[in-house]
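Thanks, everyone. Let me put the model on the screen and walk through a few places in it.

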Amino acid sequence: MSTFIPHSLCEARFDPINQRTVLIAPKRAKRPKTHNEHQCPGCIPALTPPAVYVWPESADPLSDKWDIRVVPNKFSCFSDSGGNQRCGTSSGFKAIQDPAGRCEVVFETRHHIYPVYARTDTEIEHFFRALISRYKSARSDPRARFWFAFKNLGRVAGGTMDHEHWQLYTLPFIPTSIQERYARAAQYFNEEGQNLYQRVFEDEANSGSRVVAITEHFLTFVPFAAGLPYEICIAPRRSSAD
């Protein structure tokens, strides 16, 4: 297997030592790095692929009347066609060229500076409904194995644009860290006969010392062994194996 990848291709490489899959995406080095309101691609529809979701639904995706806009990432790690060409070496290194999957960008507001704490409850609700809509779309693809959303805010966090946005990834594989989490939960259930997550959530709720809020459907708390300052867990109060 060659270590050189054309900038038009990406690879999902398997590391046999650490038992993990790593995405190698040379073309992402070409993604724009802008910190100027008038240069934000999400605010200029002509500079992005056609939107796959807008809110309000009646808004013209090519106008400036939208509140939320979701577009395919021009510098995706994946391919809609998903060539999935497999290659490998005698030493055990394996890879999938042009892996199937999705990478989308969510511009959660068309305002360049509009922090979450300044928004209304309705605006935040509409944004999470947009995430749910894209999740349902992703899981309808039989090639999808794992979906997640993340947000890097600002250059210190690794963001290449100051304009607030999220990225949505649909992976054709389950990350090793997630597989290990599933395995730990299964092992705990087999040994203790209890749901590990539900046990932790109940302990946090009963303790109350780290609880931020409790509603009918969710428990929000600072984890006992938080890995980051200000880390908050939003946990469902109804058990689900999904």
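Start with E11. This residue lies in strand β1, residues 11–15. Keep in mind that this is a predicted model. Is E11 buried or exposed? Its relative accessibility is 1%, so E11 counts as buried. What does its side chain contact? There is a polar contact from the side chain of E11 to the side chain of R13, at 2.8 Å.

Next, the nonpolar cores. The largest has 13 residues. Within that core, C77, F78, Y169 and L171 touch the most other members. There is also a second, separate core, this one of 9 residues. Among them are I68, V70, F127 and L168. As background, nonpolar side chains tend to be buried together in soluble globular proteins.

Now helix α2. This helix covers residues 176–192, 17 residues in total. From first C-alpha to last, α2 reaches 24 Å. That is close to the 24 Å expected at 1.5 Å a residue. Which residues of α2 are buried? They are T176, I178 and A185. The cover over these buried residues includes β2 (20–24), β8 (146–150) and α3. Just after α2 comes G193, with a positive phi of about 70°.

Look at one strand pair in detail. How many bridges join β10 to β11? There are 3, and the two strands run antiparallel. Strand β11 spans residues 218–221. Opposite T220 in β11 stands A213.

Last stop, S239. You will find S239 in the segment after β12. With 41% relative accessibility, S239 counts as partly exposed. Leaving aside residues up to four places away in sequence, S239 touches N195 and Q198. Take Q198. S239 and Q198 sit 41 residues apart in sequence, and their C-alpha atoms are 7.1 Å apart in space. Their side chains make a polar contact at 2.9 Å.

That's my tour. Over to you for comments.

Definitions and conventions: Residues are numbered from 1 along each chain as its sequence is written. This is a predicted model: local features need pLDDT of at least 70, side-chain atom pairs count only at pLDDT 80 or more; totals for chains, interfaces and linings use all residues. Side-chain values use heavy atoms; hydrogens and water are left out. Two strands pair if DSSP finds at least two bridges between them. Helices (H or I, at least four residues) and strands (E, at least two) are DSSP runs, numbered from the N terminus. Buried means under 20% relative accessible area, exposed over 50%, partly exposed in between (1.4 Å probe, protein chains only). A polar contact is a pair of N or O atoms within 3.5 Å; within protein, one must be able to donate a hydrogen and the other to accept it, and residues adjacent in sequence count only if both atoms are side-chain atoms. A nonpolar core is a set of buried Ala, Val, Leu, Ile, Met, Phe, Trp, Tyr and Cys residues joined through side-chain atoms within 4.5 Å. The expected span of a helix is 1.5 Å times one less than its number of residues. Contact means heavy atoms within 4.5 Å.
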